[in-house]
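Please consult the structure as you read.

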Amino acid sequence: VWHYKGWGGARWTHGSKGYGNDNEDATHALMISWYHWGVHGWIPYTTLGAALAIMSHRRGFPMTIRYVFWPLIGERCYGWMGDLVDTLS
């Protein structure tokens, strides 16, 4: 969203399109980013966030990626396989 504020180049800058204040600029930037990404671009982030939330809230694990794989690899999350998952993520 930062590049829609005009930083880093001649893009949409404050007041150039008739937007009045920072709140309207922020609303416009979010609107453009949703248009650009669409729903499909946000699905991986939502899925990973939901998996982290379930494993953290329901099972009491820390919020790291290795514990999302707990149902698949079990106790091996504490060993080198968990370290590999965290490193690759």
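## Salt-bridge network

A salt bridge is a side-chain nitrogen of Lys or Arg within 4 Å of a carboxyl oxygen of Asp or Glu. In this predicted model, local features need pLDDT of at least 70 and side-chain atom pairs count only at pLDDT 80 or more, whereas totals for chains, interfaces and linings use all residues. Residues are numbered from 1 along each chain as its sequence is written, and side-chain values use heavy atoms, with hydrogens and water left out.

Two salt bridges are present in the structure. R66, D83 and D86 are linked through a salt-bridge network. D83 pairs with R66, their closest N and O atoms lying 2.6 Å apart. This pair joins distant parts of the chain, 17 residues apart: D83 belongs to helix α3 (residues 80-88) and R66 to the loop between α1 and α2; helices are DSSP runs of H or I, at least four residues, numbered from the N terminus. The side chains of D86 and R66 also form a salt bridge (2.6 Å, N to O).

R66 is buried at 12% relative accessible area, D83 is partly exposed at 39%, and D86 is partly exposed at 25%. Buried means under 20%, exposed over 50% and partly exposed in between (1.4 Å probe, protein chains only).

Leaving out residues up to four places away in sequence, R66 touches C77, Y78, G79, G82, D83, V85 and D86, where contact means heavy atoms within 4.5 Å.

## Nonpolar core

The largest nonpolar core comprises six residues: M55, F61, Y67, W70, I73 and C77. Such a core is a set of buried Ala, Val, Leu, Ile, Met, Phe, Trp, Tyr and Cys residues joined through side-chain atoms within 4.5 Å.

Note on methods
Helix = DSSP H or I, 4+ residues; strand = E, 2+ residues; numbered from the N terminus.
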